[in-house]
Amino acid sequence: MFKKILVAEDIDSINQGLSSVLRALDIPEVCHATYCDDALLKARKAAYDGSPFDLLICDLSFKPDHRVQHITSGQELIAVLSREFPELKVIVYSIEDHPQTVRALWNSGKIKAYVCKGRNGLSDLEQAIRRVYVGESYLSDRVEEALKGKNFLTLRSYEVTLLTHLANGYTQEQIEKSFKENGISPSSRSSIEKRLKELKEDFNANTTVHLITILKDLRLL
């Protein structure tokens, strides 16, 4: 079984439940962090001391407070830790079950399990830990269904960049200039206009503003 686990979770009651599961598994060393920045520092120090963490159990959302943070979400933390410590196994433990979020994380290859908080969450988490330890992966039923969805809508990185620019108030002329400066293709005004027209048709949007609103509601943007 894992010997050293880092838990990134900012809700005390959930940390208590996690602790009970880890005690039942006889994990000898568990370290908790309620801020993503702290989790990163603890992971770096453990590696520096020659005793790195074997597993990260991480929530995705962290409530902001008076303390300024450089890393504000579980997704960002997972990305950084996966880059710095590629051997670190990662389990997501979150209430978030939106297909876009689940699929993006799962397809990234950075996580070994995705467990949804809920009625059977702690039981599922225990199974996930056991499975990941022996080299397998694990998905809660809810997230597995999300990944199987055949009608799941998604956007390519080009489209996300284009629409994000529009949402931030860029004109098509400014987007064309930005794309050319950053080597994003296609960058011509006609290509941008054509793709916007296609997206409006795909999502039954009447205007660009309407399109962005729809995509934000669907959490695709």
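Leaving aside neighbours within four places in sequence, with which residues is L56 in contact? In this predicted model, where residues are numbered from 1 along each chain as its sequence is written, local features need pLDDT of at least 70 and side-chain atom pairs count only at pLDDT 80 or more, while totals for chains, interfaces and linings use all residues. Side-chain values use heavy atoms, with hydrogens and water left out.

With those sequence neighbours set aside, L56 is in contact with L6, A8, I78, L81, L88, K89, V90 and I91, where contact means heavy atoms within 4.5 Å. L56 is also among the residues with the most contacts inside the largest nonpolar core, a set of 30 residues, together with L6, L77, I78, L81 and Y114. A nonpolar core is a set of buried Ala, Val, Leu, Ile, Met, Phe, Trp, Tyr and Cys residues joined through side-chain atoms within 4.5 Å, and buried means under 20% relative accessible area, exposed over 50% and partly exposed in between (1.4 Å probe, protein chains only). The elements that give two or more residues to this core are β1, β2, α2, β3, α3, β4, α4 and β5 (113-116), helices (H or I, at least four residues) and strands (E, at least two) being DSSP runs numbered from the N terminus. The largest share of this core, five residues, comes from α2. A second, separate core of 19 residues includes I27, V115, I129 and V132.

Helix α3 (residues 74-84) has G74, L77, I78, V80, L81 and S82 as buried residues, and the buried residues of this helix pack against β1 (4-8), α2 (36-48), β3 (55-58), β4 (89-94) and α4 (99-108). In α4, the buried residues are Q100, T101, V102 and L105, and just after this helix G109 takes a positive phi of about 75°.

Helix α7 (residues 157-167) packs with α8 at an angle of about 135°, their axes lying 10 Å apart; axes are lines fitted to C-alpha atoms, for helices over the stretch in contact, and angles run from 0 to 180 degrees between N-to-C directions. The two helices α7 and α8 are therefore oblique to each other, since angles under 35 degrees count as roughly parallel, over 145 as roughly antiparallel, 65 to 115 as roughly perpendicular and the rest as oblique. Their contact is made by Y158, T161, L162, H165 and L166 of α7 and by I175, S178 and F179 of α8.

Helices α8 and α9 pack at an angle of about 115°, with their axes 9 Å apart. On the α8 side the contact is made by Q172, E173, I175, E176 and F179, and on the α9 side by R189, I192, E193 and L196. Within helix α9, R189 counts as partly exposed, at 33% relative accessibility. Not counting residues up to four places away in sequence, R189 touches Q172, E173 and E176, and R189 and K177, which are twelve residues apart in sequence, are 9.3 Å apart in space, C-alpha to C-alpha.

In the loop between α8 (172-181) and α9 (189-202) is P186, which a cis peptide bond with omega of about 0° joins to S185. In the loop between α1 (12-24) and β2 (29-33) is D26, a residue other than glycine with a positive phi, near 60°, and D26 is exposed, with a relative accessible area of 64%.
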